[in-house]
Amino acid sequence: MNIVSTILLICGLLFFTGGAVGIIRMPDFYSRLHPAGKLDTMGILMTMTAVALYNLHDFSIGTVLSSLKIILIVAFLFITSPTATHAIVDAGVRAGLGPWTKEETKEENDLAT
Amino acid sequence: MVDREKQYSHQKQSQPESNQSSLKIPPTKKSRTPFLLTFFVAFATWIVLSGKFDLFHLTLGIISCLIVASFSGDLMLSDTRKKGLPYQWLLFIQYLPWLLYQVFLANIHVMYLVFHPKMMELIDPRIIRFKSRLNREMSHLIFANSITLTPGTITVFVSIYGDYAVHAIDEKCGQSLPGEMEKRVAKILGE
Amino acid sequence: MIPHILLQTIVVPVLASIFIFLTRHRIGRKAGWVAGFSLLYTTGLLIIASARAYHGEVIVEKYPFAGSNITFDLLGDGLSLPVALIINILCTALAFYSIHYVEHRIEAIYGEVDEHTWLNHYTRFFWLFLGFPLAFLGVCFVKNLVAMYFFLEVLPIPLYFIMAFFGYIDRVRVAMLCLLWAFFGASCFLAGTVIIYYQVGNFNISDLHTLAGHPAAFWVILLILVALLAKMAVVPFQVWMPWVHAEHPTCIAGLLAVYANIAAYVMVRVIVYPLYEDFKIFSMPLMIMALITMVYGSLLTLAQTDVKRFAACSTISQLAYSLLGISALTIFSVEGGMFFFLGHIIGKTILFSTAGILVYSTGIRDMRQMGGLGPKMPITATLWIMGAMALSGFPPMSSFPAEWIMFTGIFKSGIQTIPSGLIIAILGAVAIILTAAYTFRSVKIIFFGPLNLSLANGEIKDPPLSMSVPLLLAGSVSIILGVYPKLVIKLFHLVVGGLPIP
Amino acid sequence: MNDLVAVLISKYNYWVYIILMMIGFYAIITKKNLVKKIIGMNIVQTAIILFYISIGAKKGATLPIISHGHDAVGHAVHASDYINPLPHVLMLTAIVVAVATLGVALALAIKIYRQYNTLEEDEIHTRIREQ
Amino acid sequence: MKIAGLIVVLLCGCLLIYGTVDFPEWGDPASPASTHVSPYYIETTMEDTSVPNIVTAVLADYRGYDTMFETIVIFCAGIACIFLLRTYTHQAPETRLYRHIPTGIILRIKKGGKLPEDSTDFERVDLQWVPYDLIIKTACRVVVPFVQLFALYVIAHGHHSPGGGFQGGVILGATLILYAISHDLRTTIKRMSEKAVILLSAAGVFIYASTGALCLLFGVNYLDYSGLAAILGVDPVSARSHGILIVEIGVGVAVMAVMVSLYYNLSSVGKQDEGL
Amino acid sequence: MIQQLPAIIVVFPLVMSFFVVVTGLWSKRICFPLVVTAISVCVLSAGIILSSVINQGPIHYWLGGWQPPWGIEYFVDHLNAFMLVAVSLLSLLVAVHSKRSVEQELPEKRSQFWSLFLLLITGLLGITITGDMFNLFVLLEVASLSGYALIAMGQKKAVFASFRYLVMGTIGASWYLLGVGYLYIITGSLNIANLSELLPHMYQSKTVLVGFAFILVGIGIKMALFPLHAWLPDAYTYAPSAVSTTVAPLMTKVMAYVLIRVIFSVFKPYFSIEEIPATTILAWMAAVAIVVGSIYAIAQTNLKKMLSYSVVAQIGYIALGIGLANRFGLTGAVLHIFNEIITKGCVFAVAGAVVYKKSACNTRELENLYRKMPFTMLAFTVGAFSMIGIPPTLGFFSKLYLILGSIDAKQWVFVGILLFSSILNGVYFFRIIQIASFETPMPDYSRGTPYEKVPMDEAPLSMIIPMQIMAAGILIAGIFSADIVSTVIQYVIPEGF
Amino acid sequence: MTWQLDHIILSLVIILALGAITVKDLLGAAILFGAYSFMMCLLWAIMGAVDVAFTEASVGAGVSTVFFVAAVFRTTRRTKD
Amino acid sequence: MDTVFFYSSIYLSIIMAISLYRAVFGPTILDRLIGVNAIGSKTTALLVLIGLIYHRVDLFIDIALAYAMLNFIAVLAASRYFQKRKGLYDETPRD
């Protein structure tokens with residue numbers, strides 16, 4: 001059980017890393033949201049599952065319930081996280097932020113050369 | 001003094017002529033079902049949260065659930081139709097593993113993109129527009145959030161008439177929409 | 001026997017004042033009579049008290065006030081009673097004198113006003129006026145430094161208001177100036193008081209002698225002297241005096257002289273009597289200051305043409321005589337100084353009030369424009385001459401014996417400290433000539449010589465009796481004292497005579 | 001030198017609280033914008049909370065919630081096992097006070113903006129002078 | 001100005017560092033703070049109040065008086081905010097927007113214009129109206145009841161786990177704020193009117209204060225919950241535990257109401273008309 | 001029930017403040033009677049507490065029944081009890097006085113106003129009565145928060161002034177809290193009595209020193225001691241008149257009380273005096289405060305602003321008395337706190353009445369006021385006399401003690417400053433009296449300017465009566481000041497003075 | 001044992017505090033201040049003050065940021081410093 | 001197992017520092033918002049991990065849960081600002 005949860009945990013951390021690196025590396029606001037919105041959610045899912053599993057190692061009603069609570073967090077995040085992402089995107093659209101596309105950079109490059 | 005003007009142009013754009021069914025507002029009827037449903041769902045959640053089964057805490061739980069149900073019973077399940085509720089839940093639970101799988105795939109894909117040294121060449125963000133045939137709020141929610149969670153796509157805009165604008169990180173991601181996901185979501189809520 | 005005789009003298013004016021204030025719309029012109037008769041009553045009481053003191057009795061009344069440290073005990077002895085009596089007589093005289101004068105003043109300042117406002121103004125004068133006897137008698141009688149400070153603080157307040165309401169053109173600003181000087185003096189007095197309290201442990205004047213010989217006594221005397229000199233307008237502090245005297249209404253001019261001069265009484269009471277040993281150091285500097293003030297004041301007076309400014313500047317020089325006498329620190333000189341103070345305030349009251357009459361009748365203040373008024377206004381001329389005599393120490397006015405006794409004392413001390421003391425004494429005596437010069441010069445300018453053409457239209461006549469009679473009576477008091485100086489000197493001697501000074 | 005490092009490390013919390021305090025205080029003094037001032041004020045308050053919580057810390061102790069709960073009443077509880085709860089209590093109150101102050105401060109800021117149409121202190125001063 | 005500020009700040013910092021030198025070691029179990037007063041709380045809480053969460057016990061019982069005033073501070077902030085910002089305009093309404101729901105046409109009715117009749121076809125919308133955002137709205141509808149339930153759970157379980165009246169109250173208030181953000185302010189005010197908010201905030205604090213005052217009636221000191229044993233029908237120790245719960249409920253109600261009222265007023269500048 | 005009074009005196013107005021808000025939703029007319037009832041109960045209980053303290057010695061009240069180092073204690077000794085009476089009495093008078101002006105200035109927000117008013121009073125009473133350092137902080141925040149809100153509802157500039165007050169006040173409170181934390185970390189206790197037992201062993205510690213410094217600075221900001229007074233004048237000037245009448249006399253003075261507590265109760269006097277020269281620094285700062293405050297006051301043309309600067313100067317007096325740290329000085333400080341409460345209440349009430357009638361109190365509005373509002377100005381005159389220090393008003397006696405204290409401390413400079421500031425006080429108060437008696441510039445009626453009749457235009461009775469009571473109180477308290485000193489204040493002086 | 005974590009979070013707190021007061025946009029400052037409270041919450045949790053952490057979480061993350069945003073919404077985002 | 005949790009939490013906090021870059025230096029407010037949102041989700045995980053380190057995970061779950069809920073509100077409120085005030089860099093004048 002410990003091993004499983006450790007693996008899950010490491011996977012989760014990996015996803016988190018991806019999210020963090022993603023929001024640094026991505027070129028524009030919209031594309032940054034992809035790692036931020038998805039990878040973090042996945043990371044939470046993984047780590048929480050890991051913790052929930054680890055928590056079950058001494059099995060009793062109390063630990064089951066706390067594991068369930070952890071799952072509740074995940075469930076909750078699965079509703080709120082995309083909604084929040086959507087809200088941010090929506091804000092960006094309404095604020096008039098144009099999405100970055102390849103054509104633009106190409107044109108810029110053409111102009112530069 | 002009444003000054004009529006249409007203000008929000010994109011509102012107008014996204015307003016289809018054909019969709020006559022939504023012109024009628026369903027009359028709100030006082031029903032006790034949302035109350036009871038909320039109460040039971042809330043009580044189940046309470047049990048999970050509380051973890052104490054003595055009489056005192058259960059009483060507190062019942063009181064709390066009553067408060068929640070009476071105060072916001074009409075929020076969660078405002079347009080629930082009576083028939084087939086348990087069945088819908090079952091379908092929803094069926095839907096979850098598929099969704100998780102999709103989410104996982106999506107994440108792998110995004111991870112790949114993020115860590116790829118030539119990321120800038122791989123990605124090709126674009127906005128895709130399509131129309132969905134879903135017409136219930138809840139199904140829109142599930143569908144939109146699923147889109148956001150799955151491969152390289154984020155829901156940018158949904159109108160009440162089912163027009164979707166989706167930001168996709170590369171071309172491949174956007175192709176599958178609405179596709180299978182819409183069908184599955186529609187199936188859950190019986191549309 | 002009359003109970004609470006001293007308290008009555010203080011409380012009766014207050015009650016009268018409140019009475020006038022409350023009934024101000026009904027009582028109307030009778031306010032002056034009420035004030036006057038209430039003061040007449042207290043004068044009677046003071047005469048009785050003085051008579052008792054004359055027979056060697058010391059009147060002490062104890063009243064609780066603000067705890068055990070600060071009491072409101074009153075003391076009527078040979079020093080305080082004659083001073084209080086004379087001051088009260090003057091207040092009474094001026095109250096009657098003001099009855100007409102204030103009417104004139106209101107008309108001059110506010111012009112034609114309706115009945116209600118007029119009554120307000122008219123009665124305001126009297127209920128403020130009664131603050132003076134209250135404060136003066138308070139200063140005279142109290143046994144406690146804080147109470148004395150209180151009355152010294154109270155004094156400038158009615159003065160301020162009366163001056164600001166009824167004074168001349170620049171009245172408001174000058175009233176403020178006067179008030180600030182008064183506060184300055186009071187602050188110094190308070191500082192001295194507090195040091196006394198710190199050293200002695202209470203505020204009683206009767207316990208002050210325990211301070212004798214203590215190093216703090218020097219500072220106490222210095223601080224209180226500064227306070228008193230500021231009040232007396234001795235040379236470095238004389239700034240306010242000419243201003244104030246020029247602007248205030250004439251009916252309180254006499255009281256203004258008292259206001260300045262009562263410091264002499266306080267000096268004797270608080271410094272000289274209990275702390276004569278420590279006071280000796282200050283004796284010589286004070287005498288020099290007094291001399292300078294005398295000469296300065298006289299010369300200043302000679303240069304004046306304004307009737308009121310004339311009187312004001314003369315006050316500066318006259319006050320210095322009392323100071324000279326007291327600071328010479330012999331029994332005779334102190335008694336003479338106090339006596340001169342009494343004579344001077346009577347004379348000054350007469351002179352000022354007469355100046356007021358002149359302004360009242362002629363409407364001008366410049367002496368040069370007057371002249372030859374003697375035949376037209378015989379009573380006024382008499383009064384003015386009487387005042388001039390009183391000021392310059394001619395017999396039979398009380399100033400004559402006062403100066404006589406005082407200079408006896410001064411020469412006595414001067415002989416001891418030849419040559420400086422003697423020089424001062426001689427110079428002081430010579431300065432009297434200056435006084436005589438300026439007073440009689442004014443008599444000549446105003447009442448004799450050719451009549452000024454602008455005044456020749458026959459409307460000018462003697463003032464109503466209510467203005468002149470009180471002044472005549474005050475003059476007669478001066479004459480009585482001049483003839484029987486023993487009346488006062490014996491009283492003073494009861495107190496001052498106990499001092500172990502030459 | 002080692003001592004110094006040891007002190008620096010072991011009292012790290014205190015140093016950080018001092019730095020936060022200074023940051024907040026600096027913001028209050030020099031920032032002209034009212035909302036910035038409010039933020040500075042809040043940073044000062046949190047710095048103080050940090051200070052208090054650091055007082056309460058106890059090595060080798062656990063959370064101040066007794067673990068055996070209702071079931072074991074006679075169970076001895078050792079003071080050294082649990083973190084000092086008193087600073088926590090005090091700081092709960094302090095946080096609440098901070099929130100309340102924040103609410104009032106923001107209300108005032110809004111009111112000021114309604115009046116002067118700016119949130120900059122110097123501009124407000126000039127507008128006051130103009131009036 | 002900046003440099004002067006910096007100097008003052010640095011001076012202050014130096015003073016603080018100077019004071020820090022004599023501090024006990026960080027986390028030292030033998031430091032005065034850990035040995036003088038607090039051990040009593042840790043060791044006797046269970047016997048005195050039977051509340052495992054020592055912080056709750058100290059908060060609501062040993063130092064319950066502080067907490068009462070903490071609640072008062074919050075109440076005070078709420079009233080202050082209403083006092084400062086609330087505007088009661090009785091004039092004709094300014095320009096308003098109405099949306100005809102079936103067609104989506106928006107009517108702008110200027111000052112003095114006739115308002116649509118109270119029909120279901122029209123809804124009033126904000127001046128800076130944003131089209132109906134389906135996802136946020138629906139998601140919030142789903143989430144709000146659960147969060148509310150959680151908040152109530154936090155209030156009720158303050159004895160055993162972290163949390164208590166204040167935290168629960170804040171979360172409860174936050175749900176209403178969430179509702180107001182996702183829908184609009186008017187909808188929320190319809191659900192919870194301003195009067196109700198004021199009433200609840202006063203009621204919450206009143207519960208606290210009157211619980212304390214009730215103890216006075218039983219001859220014990222103010223806020224000594226053991227006096228409540230007589231009416232609760234339990235032993236004094238449980239009475240303390242129950243007293244803490246009652247008090248926490250009061251705090252929760254008050255805090256919830258105040259948070260909501262603060263939001264109402266801050267976001268609409270006291271008009272309680274259009275929010276964030 | 002008598003022994004429960006310390007709790008009731010704080011809780012009763014508190015509970016009433018909730019009722020006021022709630023009833024205000026339906027009827028605004030009930031609010032005021034409720035407020036008066038609440039404060040009357042406070043006054044009553046304060047009186048009983050004072051008499052009980054005088055007769056039976058200090059009262060210890062354990063809130064929640066917990067013993068002091070663990071629970072919160074109310075500790076009432078002579079000083080507290082005296083302050084309680086003063087604060088509650090003045091707030092009652094002010095409440096009655098403000099009824100009309102609140103109706104005029106804030107007609108729609110009366111209920112909130114009265115509620116916040118009650119909370120302010122509660123906070124102040126609580127600060128006065130509490131025996132716990134942290135509880136004091138919380139109560140301080142209650143009082144301050146309601147104060148900020150109340151001040152902000154004044155004239156136009158009030159909002160910004162209130163914001164500045166809020167920022168400064170929060171820094172002050174934070175530093176106080178920080179100082180308490182420093183004391184806590186070194187002793188582990190928050191109770192004042194317990195702290196004073198524990199601290200003497202640690203007087204050498206730098207932590208105690210810094211904690212002390214921060215507490216002092218924090219309180220200094222709250223009480224507007226000279227270099228930290230910047231927030232005060234604007235805030236008090238532009239506040240609604242009902243508020244400035246409450247806050248100006250009470251807030252800073254209660255903080256001065258806290259200062260006395262901290263310097264002489266929490267720390268032993270020898271620490272504050274000998275270990276570090278805290279009191280000396282305090283005294284010098286106070287001396288500067290007196291002069292600067294007075295000079296600024298002279299420069300003002302607005303009555304309320306002048307009075308606000310006068311608050312700064314008067315706080316200097318109190319701080320000077322505390323800083324002198326001897327028997328006379330402390331007596332003077334306590335007496336001056338009382339004097340300030342009642343006198344500032346009186347003069348600010350006058351300013352409130354003027355604002356009520358004329359809607360401002362600049363020089364122009366003050367002209368001829370003696371004829372228009374004679375009763376109001378009577379009260380003002382008495383108040384001004386007390387501020388200047390003319391016997392037999394209370395102000396004279398408190399200053400007397402302060403001067404005695406300065407002499408005792410051999411600080412001749414302070415004696416000079418006290419006397420000099422009396423003159424300055426005289427200048428600015430008599431200037432007001434002058435403006436109010438005679439118009440400026442004075443027209444020369446003799447030159448034909450028609451005399452203008454000024455009708456009487458007096459404030460309503462509900463304003464006059466409290467003002468007259470305060471004015472009478474100044475005189476009565478002055479005359480009986482020695483009794484106050486002997487029955488109350490002499491017990492306040494710590495041992496060794 | 002947790003001191004390393006403690007130190008990292010404390011450093012982050014300082015960075016966020018500096019960011020919150022230097023950023024030239026009030027909305028940004030409000031958001032950063034929200035993040036600052038997250039960090040504070042974590043810090044309390046690490047130091048074992050669960051109740052304080054809870055309060056900070058609910059207040060800092062929930063209401064105070066919303067209040068800031070509401071205030072900025074009703075005033076202005078512009079700032080000169 | 002504690003060590004695993006401990007090092008993962010340290011790793012997580014370092015990742016948070018990376019997200020912090022976006023939050024502090026993000027060119028637009030929305031980028032900051034993304035950064036803060038990312039920090040928020042990591043904080044939730046970190047809280048639970050801290051709970052494990054203390055062996056009292058049941059107490060920390062509540063905090064994490066509350067955190068997840070309320071972080072959502074903050075982000076919504078901030079994005080709501082842009083939905084009403086349609087300006088990213090400068091403001092539209094108020095009407």
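The expected span of a helix is 1.5 Å times one less than its number of residues. This briefing applies that rule to one helix of chain F and then describes chain D. The model is predicted: local features need pLDDT of at least 70, side-chain atom pairs count only at pLDDT 80 or more, and totals for chains, interfaces and linings use all residues. Residues are numbered from 1 along each chain as its sequence is written, and chains are lettered from A in the order in which they are written.

**Helix α14 of chain F**
- Helix α14(F) covers residues 327–358; at 1.5 Å a residue its 32 residues should span 46 Å, and its end C-alpha atoms agree with this at 45 Å apart.
- Helices here are DSSP runs of H or I with at least four residues, and strands are runs of E with at least two, numbered from the N terminus.
- Of the 32 residues of α14(F), 29 are buried, so the rest of the structure largely encloses this helix.
- Buried means under 20% relative accessible area, with a 1.4 Å probe and protein chains only.
- Ser359(F) follows α14(F) and has a positive phi, near 65°.

**Chain D**
- Chain D has 5 helices and 0 strands.
- The radius of gyration of chain D, taken over C-alpha atoms, is 22 Å, well over the 14 Å that the globule rule (2.2 Å times the number of residues to the power 0.38) gives for 131 residues, so chain D is more spread out than a compact globule.
- Along the principal axes, the C-alpha atoms of chain D fill a box of roughly 70 × 50 × 10 Å.
- Buried residues account for 72% of the 131 residues in chain D.

Definitions and conventions
Side-chain values use heavy atoms; hydrogens and water are left out. Buried means under 20% relative accessible area, exposed over 50%, partly exposed in between (1.4 Å probe, protein chains only).
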